[in-house]
Amino acid sequence: MALLTYQYRLYPRRAEAKRLDTLLYQGKLVYNFALEVCKNTYEATGESVKALSLWRYFRDWRNSQPEAERVLNASSVQHLLRRLDKAYAAFFRRIKAGEKAGHPRFKSHDRFNSVEYTYGDGVKLVQDDRRVLLYVHRIGSLKVKVHRRLPTGAVIKHVVIKRKAGGWYVNLQLEVPTPEFVPNGQPLVAGDVGMLRLLTLSDGTGIDNPRWLRGTLKKLRRAQRRLSRRQKGSNRRRKARRQVALLHEQVANTRRDFWHKVTTALVNTYGAIALEALNLNFMLRNGRLSLSAHDADLGIFYALLDSKAANAGCTVVCVDPAYTSQICSGCGCLVEKDLRVRDHDCPHCGLTIDRDLNAARNIFKSAFEYARIGRSGINAAPLPPPSGDGKRTRSLRSSPL
Ligand SMILES: [Zn+2]
C-alpha cells in the first residue's frame, strides 16, 4: 500500500464559502480551547493531558449549538484533537531529548486553515452528470476541478479541506495498492502515444493511426450535410437523421473493436506495459496533440488495456510523463525539441532515432529501471473518463500487431 495525497481545487458558491469560513472558525475555537486545557494542566502539574480525552466535552459543546451553526462534524473535531495530541507528542519528545522545545501555539484566524474529515463521515465525492462534487455535511456540494484522475484501486481515507490565498482546496489522502509486479517471463515494453504513429513501443514496433474509417467518416459528413438541407418535420429529414445516427454508431463500434484487438495483442505479448500517466494536462498540452489524442480516443485504449491486463497476468505501469520526449534515452542528456521535430538527434552521444521511440525508451527506463509510481488511473470511480465528446472523431487503422 502506498499513501498518496491528491489535491483538487474547489469552487464553492458564495454561501458555501461563507459556511467554510465558519467551519474553520469553529475548528480554531476547538483547537485553541483544547490547547488551553492542556497547557494549564501542564503548567500546573507538568503532566500531559491527551487532547482526545476532551472529546466528550466537545461532543456536548457541539450538541448544545443551534442546528444551523453546527458545521464542524464529530469526526472533524476528533481529527483536530488528534492534531493537537501530535503537536504535544512532538513537544514532549523534544523536551525528553533535551532540545529547546516551544509549547504548541494558539492559532490565530489566518493560521488556522484546514479541517480534516474521515471520508464517508460527512464528506464524500458525488458525481452529477459529468461534474464531480464534494459533498460536505452542512456546507453543501462543492464543485471540484478534477485535473487528474484518481489511481486505480485508490481508497480515499481522509479528506482535508484547506483555505489558501488562492482559494479553497481539498486534499484527498489515498491508499493505493502497489501493483504486484510478478514477472511472467514475457518481455517488458513501454509505449509512447504519439501524433503520427498512434503507439510506438520501446522494442521498435508500433501501431499506426488507422485510416480504414475514413470512408465511413466521409459518408457521415455527407449524410450530415444532407440532413441539414432537409425540411424540418419532413419524412425525408427523418430518414436522413436515422442515416446519420446509424453511421455514428458504426464509427463508434469499429473504433472500439480496433482498440479491443490492439489491447488484447498487447497484454498477450508483454509481461508489463509502461505508459505515460494519462491525465488531462497531457490531453491539453497543445492544440494539435489534443486533437490527435482525442481522435485516438485514448481513454478507451487505457481503460481496455487496464481491464484486460490483470487477467492476462500483465501489469500496466504508468510513469510521470515529464520530459520523456526531451531526454536522450542513450545518455540521459536533455535535448530540447518542439513538436515538429520528428527525430531525436543527440549532440552529446550521437544517438539518432525517431522521437517517439526515444520517448518510449525513456518511459521504459523510468518504469522498469528507476522507481515506479503506480498503476494507471483509469478505472478509478467516481471520476469521469478523460475522453471528450466524441464528436471530432477521426479514426484509426489496425496494425500488424
Ligand atoms: Zn545522448
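Author: Helices here are DSSP runs of H or I with at least four residues, and strands are runs of E with at least two. By that count this predicted model has 9 helices and 14 strands.

Reader: What makes Cys328, Cys331, Cys346 and Cys349 donors of the zinc ion?

Author: A donor is an N, O or S atom within 2.8 Å of the metal; the SG atoms of Cys328, Cys331, Cys346 and Cys349 lie 2.2 to 2.3 Å from the zinc ion, and therefore they count as its donors. Along the chain these donors follow the spacing C-x2-C-x14-C-x2-C.

Reader: Why is the site of the zinc ion called tetrahedral?

Author: Four donors count as tetrahedral if all angles lie between 85 and 135 degrees; the angles among the 4 donor atoms of the zinc ion are 105 to 112°, so the site is given that name.

Reader: Why does Cys331 count as partly exposed, and why is Cys346 called buried?

Author: Buried means under 20% relative accessible area and exposed means over 50%, with partly exposed in between. Cys331 has a relative accessibility of 35% and therefore counts as partly exposed, whereas Cys346, with a relative accessible area of 3%, is buried.

Reader: What percentage of the residues in the protein is buried?

Author: Of the 401 residues in the protein, 45% are buried. The protein exposes about 21,400 Å², and carbon and sulfur atoms supply 50% of that area.

Notes:
Residues are numbered from 1 along each chain as its sequence is written. This is a predicted model: local features need pLDDT of at least 70, side-chain atom pairs count only at pLDDT 80 or more; totals for chains, interfaces and linings use all residues. Side-chain values use heavy atoms; hydrogens and water are left out. Donors are N, O and S atoms within 2.8 Å of the metal (3.2 Å for Na, K and Ca); water is not among the atoms, so sites may look incomplete. Four donors count as tetrahedral if all angles lie between 85 and 135 degrees; four count as square planar and six as octahedral if opposite donors are over 155 degrees apart and all others between 65 and 115; anything else is irregular. Buried means under 20% relative accessible area, exposed over 50%, partly exposed in between (1.4 Å probe, protein chains only). Accessible areas come from the Shrake-Rupley method with a 1.4 Å probe; for residues, only the protein chains shown count as cover.
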